[in-house]
Amino acid sequence: MSKTIIVSNRLPVKISRGDSRLEFSPSEGGLATGLGSIYKEQGNIWIGWPGMVVEEDIKGFVSEKLKELNLVPVFLTEEDITGYYEGFSNEVLWPVFHYISTYARFDLDKWESYKNVNQKFAQIISQYIEPGDTVWVHDYQLLLLPNIIREQFPEVSIAFFQHIPFPSQELFRMIPWRKELLSGILGADLVGFHTYDDVRHFISAATQLLDLHIDGSIIRMDERAIAVEPFPMGIDSRKFSELSESNNVKEIENRIKSSYKNQRILLSIDRLDYSKGIIQRLEAYHQFLEDNSEYHEKVVLFMIVVPSRDNVLEYQRLKDEVDRLVGNINSQHGKYDWTPVAYFYNSFPIEYLSALYNIADVCLVTSMRDGMNLVCKEYIASRNDNTGVLILSEMAGASKELNDALIINPNNLHEVKDALVEALNMPEEEMRDRMSTMRELIFKYNIDHWVKIYMARLSELIEIKTSMKTRLVKEQLRNEIAQLYNQASKRLILLDYDGTLVGFKKQIDLASPDRDLLELLDKFITDKKNTTTIISGRKHQTLEKWFGSRALYLVAEHGAWTKDINTAWKKKQGLSDSWKEEVHQLMDDFCDRTPGSFIEEKSYSLVWHYRKVQKGLGPLRANNLMDNLRYIIPSYGLQLLNGDKVVEVKQSEVNKGKAALQLLEKEKFDFILAIGDDYTDEDTFKVLPDSAITIKVGNHLSSARFSIKNQLEVRAFLKSLVTSS
Ligand SMILES: O=P(O)(O)OC[C@H]1O[C@H](O[C@H]2O[C@H](CO)[C@@H](O)[C@H](O)[C@H]2O)[C@H](O)[C@@H](O)[C@@H]1O
Ligand SMILES: O=c1ccn([C@@H]2O[C@H](COP(=O)(O)OP(=O)(O)O)[C@@H](O)[C@H]2O)c(=O)[nH]1
Ligand SMILES: [Mg+2]
């Protein structure tokens, strides 16, 4: 049975040295707690670092112990931890991805270590991977891994999910190794982020830095398609809800409450991290106490800070700063029986967290940036009686879903302070309304739902990929087609031009046929059994210039013009161009506003090209233009085509399908071959009989029977046909 191999930097279980022996305990952090519930399913395994340096002589023992839990360790050395984990992951990627690029240290040795450790992970994975398996790679520590696995195991399904934000490409491009990182991620079939903004940023980085082709949310690379989509992660809501009711938790609650009688509890829980806005929170709370003395002795900020990455300089500095600020607040405002900030620099068992979630009147999340933030979701899931108020930073991924929280900008101290007052005074009905709406969401979009929809999307993509593969023209299929070709006595060959016989060029006129192509076409022409046709959207003047002297059938402007061998060009009857002036004017406006764009005018169509426009702006303007055109085209009976870096308007009764039908009527063909790469060729594929050999160039969905990777392969295929006869 095929299995899922989960891979992340940290295993959900960490090892530490207890008094006399090794201790195995759950890891902190969103990823470990989030996926904890799914890896135990039959046959699945989780590969990752066990959280400490393990001596050689006990590695066997540790591996055995972890195996019982379906876990496989990747042992990291002291150097790996310094270079890869603390260094590149947490001193380069973490600060840049959380928009604090001034903390980043772009050292080459950190990068070398990062590459090495990603290879180390790949090496362990390769020992467990079997055909049909899915590898699910998690997070920024392993950005290179998807592509390393892809190179070793081209057929395997690979998913990648990033739990932290993906920054604007303007920030991301600062990283010296940005292209390698992007290519690493793009080894996956499905790339997921928590929010649509992350998706947008990633797509813009990939298209701008790697010059890739993008089709909605699909990135196309040679023969591979990679889907990039948002999948906001949920939590195990039921677990938190049930935990709230347990006797053990109730007991802890009572104990805590007895220490804070008559005080309302403001709760914050996070790892010690500058991305969590701990300083900003303390400053806002300080101001709140200064401005609202009526709350003195009546509130407490219960602040759990979990130690994290304490070998990294910025984290040490932050610890000092937090200690200092807490000290200031408590010394300035504290009384012998009131400590305004109850500060704990520890991690706590889940029962203790649950008790805190239950008794907290307000949960305060002030992240400066946060991929998701699970703490706020855990708070909501715990509030079975629908009370409690969540104050949530708009910089946390969770704010995109939880819009019934009090949403704040953590940089706006006054806004946070006012939100505290609002939360503490919120009418009960409003509180319950907000909380119950958020609870519904948290229970529906829980962790199981997240895994389910993520995996379902991956299966869908793999199905498409597999069906594409079976249709791919490879040796056996090529031989079968060659056999049919040789047996036939009347053949119709329909060849699209751009994207099929030649590649995409920056200047449209540079795509003229090369000698190799002309020789190939001549081989088809000299065989009298062939009716060789170029069926193109190009102007007839262009086709005339390039092919006019050859004994070819030519179809130009998608069928508005046709030319039989040795005859003059014929224009399709009954076409009108009265619409052109109005559309031209509109396109002119867009050219004026969009440097690099230009209009191509044909007899019965107008094309707005944006292949030379500043990246990102082209598609934006194209959508805008299409919105405008939609008002004009119905009254003229026109068709609007959204093509590869073009917007085309043409008469709807002209299309390649109709042109192909006319050719079909000419004679009785016993072999029909059509090859094309874009949406206009679909019209050809659709009108041909089922027996026709229809071939789509590239990996887009198509009504063609077969597909072929690129123009080079088209030429090789065509050569193999003519040389086989
Ligand atoms: O492993 P550490 O260096 O100790 O860090 C702990 C984890 O922190 C990060 O969590 C992120 O994932 C959460 C769940 O998707 C999300 O809510 C949060 O916003 C992120 O910061 C990190 O992504 C993990 O890899 C770390 O293990
Ligand atoms: O003492 C603690 C405090 C917190 N957490 C867990 O750590 C996770 C923090 O996840 P979040 O997404 O909020 O932030 P991250 O640390 O992943 O950036 C949550 O599931 C908490 O329940 C924990 O296990 N022990
Ligand atoms: Mg084409």
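Colleague: Let's start with Asp496: buried or exposed?

Modeller: Asp496 is buried, with a relative accessible area of 4%, where buried stands for under 20% relative accessible area, exposed for over 50% and partly exposed for what lies in between, using a 1.4 Å probe and protein chains only. Please keep in mind that this is a predicted model, in which local features need pLDDT of at least 70 and side-chain atom pairs count only at pLDDT 80 or more, while totals for chains, interfaces and linings use all residues. Residues are numbered from 1 along each chain as its sequence is written, chains are lettered from A and ligands numbered from 1 in the order in which they are written, and side-chain values use heavy atoms, with hydrogens and water left out.

Colleague: Let's zoom out. How many helices and strands are there in the protein chain?

Modeller: The protein chain has 25 helices and 29 strands, taken as DSSP runs numbered from the N terminus (helices are H or I with at least four residues, strands are E with at least two). Its C-alpha atoms fill a box of roughly 105 × 65 × 45 Å along the principal axes, and 55% of the 725 residues count as buried.

Colleague: Which domains does the assignment give?

Modeller: The assignment, which is automatic or comes from a database, gives domain 1 (4-230), domain 2 (237-445), domain 3 (472-572 + 654-724) and domain 4 (580-651). Taken over C-alpha atoms, the centres of domain 1 and domain 4 are 42 Å apart.

Colleague: What about contacts between residues at least 6 apart in sequence?

Modeller: Of those contacts in the protein chain, 70% join residues at least 24 apart, with contact meaning heavy atoms within 4.5 Å.

Colleague: Which residues of helix H24 are buried?

Modeller: In helix H24 (residues 679-687) the buried residues are Thr680, Asp681, Glu682, Thr684 and Phe685, and their packing partners include strand E18 (491-495), strand E27 (671-676) and helix H23 (656-666).

Colleague: New topic: where is Tyr84 found?

Modeller: Tyr84 sits in helix H3 and counts as buried, at 0% relative accessibility. Setting aside residues up to four places away in sequence, Tyr84 touches several residues, among them Asn9, Ser113, Tyr114, Phe121 and Gln141. Lys59 is 25 residues from Tyr84 along the chain, and their C-alpha atoms are separated by 21 Å.

Colleague: Last one, where does Gln263 lie?

Modeller: Gln263 is in the loop that runs between helix H10 (247-259) and strand E12 (264-271), and this residue counts as buried because its relative accessibility is 14%.

Colleague: What is Gln263 in contact with, leaving aside its neighbours within four places in sequence?

Modeller: Gln263 is in contact with Glu297, Lys298, Val299 and Val300, and also with Asp337 and Trp338, once those neighbours within four places are left aside.
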